[in-house]
Protein chains: 2
Amino acid sequence: MSTLKTQYHHGDLTKSLLESASLIIKEQGVESLSMRKLADTVGVSRTAPYHHFKDKNALLCALAEQGFYEQAKMLHSLRAQKNTAEEGFKKYVHAYLEYALQHNETYDLMYGRTLWKAGNPSDSLKAASKQTFKAWIDWVEELQEQNILPSNNTPLRIGQTTWASLHGLARLFIDGIYLDTEDLSDMVEQMIKNLCSASA
Amino acid sequence: MSTLKTQYHHGDLTKSLLESASLIIKEQGVESLSMRKLADTVGVSRTAPYHHFKDKNALLCALAEQGFYEQAKMLHSLRAQKNTAEEGFKKYVHAYLEYALQHNETYDLMYGRTLWKAGNPSDSLKAASKQTFKAWIDWVEELQEQNILPSNNTPLRIGQTTWASLHGLARLFIDGIYLDTEDLSDMVEQMIKNLCSASA
DNA sequence: AACCTATCTTGACAGTGTCAAAATTGCATG
DNA sequence: CATGCAATTTTGACACTGTCAAGATAGGTT
């Protein structure tokens with residue numbers, strides 16, 4: 001038994017790596033995160049990180065997973081507020097996009113091709129994402145009952161399409177296709193109208 | 001004056017490079033396209049491509065630009081068909097997603113972060129994209145007049161949000177987040193309902 | 001025939017991810 | 001307390017990447 005599992009040489013390399021990596025991608029983008037530079041900034045040799053993460057892919061998966069937990073926390077705190085169902089939904093949509101834009105690099109890892117297509121999403125990442133999605137679908141079902149989202153299809157379908165819409169909006173900004181963030185709130189408002197109108 | 005500008009050693013390297021690159025990304029993804037391997041498959045030395053494209057970035061920009069022209073062609077041929085406005089729109093939505101999924105790697109270059117955020121979109125790429133977008137907005141205006149798309153906002157806003165929705169749907173599949181393409185057509189149908197319902 | 005210039009090649013450099021083997025170090029046991 | 005074990009870190013190495021600089025080649029023009 002040990003009191004602190006990773007107090008050997010560095011302190012807590014795993015944690016340090018994640019924090020440093022998170023900072024680097026936030027400030028310089030995922031593509032300029034290299035295992036070697038990361039090791040260097042943490043003050044450790046090139047290959048040390050490989051004893052804490054199998055891969056660069058594994059490191060990125062861990063970052064993405066953190067993102068899902070953060071996002072879930074946000075969702076829960078929003079649902080805890082006493083809002084009308086409609087207000088709650090609107091606030092969530094705004095919050096979703098705010099999160100996406102503010103943590104754009106993490107968002108990209110969570111929902112981008114880096115991990116899901118080009119990479120190899122870890123089992124725990126898949127689990128985290130699935131859980132988030134399930135929570136969303138459950139809420140969609142409620143919102144349908146409350147006549148806020150359209151009921152012309154199953155919760156799954158409505159959940160998929162509305163999520164896709166938010167996701168698409170997020171990506172346009174995140175990926176640098178749209179740059180005037182001034183238009184954003186207007187676009188979000190219009191998107192909400194699009195999503196809700198079918199239930200009116 | 002020369003009859004064939006690039007008949008020197010290879011034939012038409014520029015064209016060969018684009019074709020080969022297009023094939024490689026289609027079959028193996030953008031991330032496994034390397035300038036060196038590309039040069040090799042075309043049968044030319046490592047740095048030969050650099051006399052035809054300043055950069056890897058420039059090569060990718062050219063590929064993306066081609067994509068925009070293809071997509072524009074598709075749009076025009078669809079508008080040439082004699083459809084009701086509504087049918088025309090529906091067909092376009094389906095066609096848009098079909099194109100995105102079939103040419104997923106090109107689509108990613110056209111609308112992804114590789115060029116627009118991490119990279120450096122060329123002027124002609126920007127122009128092509130802007131033109132495509134403008135054509136879309138013009139059409140949206142028509143569709144609003146024909147009461148197919150909602151009129152509760154400007155053509156620009158409606159164009160932005162509906163495009164974002166389609167884009168988001170496309171990305172979910174392209175990026176490997178959604179894998180059951182069986183659900184696709186259902187999701188597209190629902191998406192169309194979402195987009196159009198506000199005008200009913 | 002000579003030259004110019006577009007084209008292509010060879011050599012080189014800095015950077016990447018990551019494997020294998022060696023070195024270090026802290027903890028628990030004899 | 002010493003010894004050994006296992007977790008941790010390092011050094012060395014390899015194959016790969018993009019791309020610059022300098023030289024070779026060869027087609028068209030004068």
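Asn57(B) counts as buried in this predicted model, because its relative accessibility is 19% and the limit for a buried residue is under 20%. Asn57(B) is part of helix 3 of chain B, which covers residues 56-80. Once residues up to four places away in sequence are set aside, Asn57(B) touches Leu115(B), Gly119(B) and Asn120(B).

**Chain A as a whole**

- The secondary structure of chain A consists of nine helices and zero strands, so that, read from the N terminus, its elements follow the order α-α-α-α-α-α-α-α-α.
- The C-alpha trace of chain A spans about 60 × 45 × 30 Å along its principal axes, and 50% of the 200 residues of this chain count as buried.
- When contacts in chain A between residues at least 6 apart in sequence are considered, 63% of them join residues at least 24 apart.
- Chain A is divided into domain 1, with residues 1-53, and domain 2, with residues 60-197, and the C-alpha centres of these two domains of chain A lie 29 Å apart.
- To the contact between them, domain 1 of chain A gives 10 residues and domain 2 of chain A gives 10 residues.

**A buried cysteine in chain A**

- Cys61(A) is placed in helix 3 of chain A, and it counts as buried because its relative accessibility is 2%.
- Although Cys61(A) and Ser122(A) are 61 residues apart in sequence, their C-alpha atoms are 6.3 Å apart in space.
- Apart from neighbours within four places in sequence, Cys61(A) is in contact with Leu115(A), Asn120(A), Pro121(A), Ser122(A) and Leu125(A).

**Helix packing within each chain**

- In chain A, helix 1 (residues 13-28) packs against helix 3 at an angle of about 80°, with the axes 10 Å apart, which means that helix 1 of chain A is roughly perpendicular to helix 3 of chain A.
- Helix 1 of chain A brings Leu18(A), Ala21(A), Ser22(A) and Ile25(A) to this meeting, while helix 3 of chain A brings Leu59(A), Ala62(A), Leu63(A) and Gln66(A); by class, the contact has six nonpolar, two polar and no charged residues.
- In chain B, the axes of helix 7 (residues 123-145) and helix 8 (residues 155-174) come within 9 Å and cross at roughly 110°, so helix 7 of chain B is roughly perpendicular to helix 8 of chain B.
- The residues of helix 7 of chain B that meet helix 8 of chain B include Phe133(B), Trp136(B) and Ile137(B), and among those they meet in helix 8 of chain B are Pro155(B), Leu156(B) and Trp163(B); the contact has eight nonpolar, four polar and one charged residues.

**Helix packing between the chains**

**Aromatic rings**

- Over all chains, a search of the whole structure finds 26 aromatic pairs; one of them is edge-to-face because the rings of Phe68(A) and Tyr111(A) have centres 5.3 Å apart and planes at 75°.
- This pair links distant parts of the chain, since Phe68(A) lies in helix 3 of chain A and Tyr111(A) in helix 5 (residues 104-111) of chain A, 43 residues apart.
- Phe68(A) is buried, with a relative accessible area of 1%, and Tyr111(A) is buried too, with a relative accessible area of 6%.
- The rings of Tyr96(A) and Tyr107(A) have their centres 5.9 Å apart and their planes at 90°, so this pair is edge-to-face.
- Tyr96(A) belongs to helix 4 (residues 85-102) of chain A and Tyr107(A) to helix 5 of chain A, so the pair ties together parts that are 11 residues apart in sequence; Tyr96(A) and Tyr107(A) are both buried.
- Ring pairs link a cluster with members from chain A and chain B, including Phe68(A), Tyr96(A), Tyr107(A), Tyr111(A), Phe173(B) and Tyr178(B).

Methods
Residues are numbered from 1 along each chain as its sequence is written. Chains are lettered from A and ligands numbered from 1 in the order in which they are written. This is a predicted model: local features need pLDDT of at least 70, side-chain atom pairs count only at pLDDT 80 or more; totals for chains, interfaces and linings use all residues. Side-chain values use heavy atoms; hydrogens and water are left out. Rings of Phe, Tyr and Trp (its six-membered ring) pair if their centres lie within 6.5 Å; planes under 30 degrees apart count as stacked, over 60 as edge-to-face and the rest as tilted. Helices (H or I, at least four residues) and strands (E, at least two) are DSSP runs, numbered from the N terminus. Buried means under 20% relative accessible area, exposed over 50%, partly exposed in between (1.4 Å probe, protein chains only). Contact means heavy atoms within 4.5 Å. Axes are lines fitted to C-alpha atoms, for helices over the stretch in contact, and angles run from 0 to 180 degrees between N-to-C directions. Angles under 35 degrees count as roughly parallel, over 145 as roughly antiparallel, 65 to 115 as roughly perpendicular and the rest as oblique. Ala, Val, Leu, Ile, Met, Phe, Trp, Tyr, Cys and Pro count as nonpolar, Asp, Glu, Lys and Arg as charged, and the others, Gly among them, as polar. Domain bounds come from an automatic or database domain assignment.
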